[in-house]
Amino acid sequence: MMENLSINDPAPPPPMPPHAPAGPGGIPPALGRPPPPQQQQLPAQMFTTAAQLLDLTDKKLMVALRDGRKLVGILRSWDQFANLVLQSTKERLFVPPGTAPNQPRGLYADIDRGLFVVRGENVLLLGEMDLDKEDDPPAGYDLADVAVVKKLAEQRKAQDKVREKKKVKLLAKEGFDSENLGEVLL
């Protein structure tokens, strides 16, 4: 069974030395006064990633993955490697403003994914959703048809690929080795 500890929990009492029996009030007779108060220390499990997930269990989260996908779902389970099980998951696609002509605002769409298992090493960022604002569209974005958003996202990805190739050529012209530039994830 795992303890649910927080920063505000009191520190455990210090252990008594085995050679000093406690007198009245728990004060060792040899000292005649109580030991000085110790600084409160946080339990070791407060600093582990997996233990932080304890407070997020059964809450709605948005998870950003390393490959650029965004997932919204209810955290049902996790393990020591921060592998996640999300229920009622939706993959949220975004297309920034200006991707298509005459598109002053961004577009987004949700694709139902159901039960979703995420490997912990693929999680870039996660956070709890504000349930009061959950139904509001993201700031600067409008809800659109999934097919339209997918098409625009693929066009944007192709444009970014062409732009990246041009950048690599320009850098190679200046003497930079393209093999060591790394990949840009968008």
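What follows is a working chat about a predicted model of one protein chain.

Biologist: Before we start, what are the ground rules for this model?
Modeller: This is a predicted model, in which local features need pLDDT of at least 70 and side-chain atom pairs count only at pLDDT 80 or more, while totals for chains, interfaces and linings use all residues. Residues are numbered from 1 along each chain as its sequence is written, and side-chain values use heavy atoms, with hydrogens and water left out.

Biologist: Fine. How many helices and strands does the protein chain have?
Modeller: The protein chain has 2 helices and 6 strands, and along the sequence they follow the pattern α-β-β-β-β-β-β-α. Helices (H or I, at least four residues) and strands (E, at least two) are DSSP runs, numbered from the N terminus.

Biologist: And in what order do the strands sit in the sheet?
Modeller: The 6 strands form an open sheet in the order S5-S1-S2-S3-S4-S6, with mixed pairing; two strands are taken to pair if DSSP finds at least two bridges between them. The edge strands, each pairing on one side only, are S5 (123–128) and S6 (141–143). From one strand to the next the twist averages 35°, where axes are lines fitted to C-alpha atoms, for helices over the stretch in contact, and angles run from 0 to 180 degrees between N-to-C directions.

Biologist: How many bridges join S1 to S2?
Modeller: S1 and S2 run antiparallel and are joined by 5 bridges; Val-63 has Leu-71 as its bridge partner in S2, and Met-62 stands opposite Val-72. These two strands form a hairpin with 4 residues between them, and Gly-68 in the turn has a positive phi of about 100°.

Biologist: What about the other antiparallel pairs, S2 with S3 and S3 with S4?
Modeller: S2 and S3 are antiparallel over 7 bridges, and there Leu-71 has Glu-91 as its bridge partner in S3. Their hairpin has 5 residues between the strands, and Ala-82 takes a positive phi near 65° in it. S3 and S4, also antiparallel, are joined by 10 bridges, with Thr-89 opposite Gly-114 in S4.

Biologist: Switching topic: which residues make up the largest nonpolar core?
Modeller: It has 12 residues, including Leu-53, Leu-56, Val-63, Leu-65, Leu-71, Ala-82, Phe-116 and Val-118. A nonpolar core here is a set of buried Ala, Val, Leu, Ile, Met, Phe, Trp, Tyr and Cys residues joined through side-chain atoms within 4.5 Å, and buried means under 20% relative accessible area, exposed over 50%, and partly exposed in between (1.4 Å probe, protein chains only). Strands S1 (60–65), S2 (70–78), S3 (84–95) and S4 (106–118) each supply at least two residues of this core, and S1 gives the most, with 3 residues.

Biologist: What is Val-118 in contact with, beyond its neighbours within four places in sequence?
Modeller: Val-118 is in contact (heavy atoms within 4.5 Å) with Leu-65, Leu-71, Ala-82, Asn-83, Leu-84, Leu-86 and Val-123. Apart from this core lies another, of 8 residues, among them Ala-109, Ile-111, Val-149 and Leu-152.

Biologist: Where does helix H2 lie?
Modeller: Helix H2 (residues 146–173) lies across S3 and S4, running at about 100° to S4.

Biologist: Is Tyr-141 buried or exposed?
Modeller: Tyr-141 counts as buried, because its relative accessibility is 18%, whereas Phe-94, at 28%, counts as partly exposed.

Biologist: Last one: what percentage of the protein chain is buried?
Modeller: Buried residues make up 21% of the 186 residues, and of the contacts with a separation of 6 or more, 57% come from residues 24 or more positions apart.
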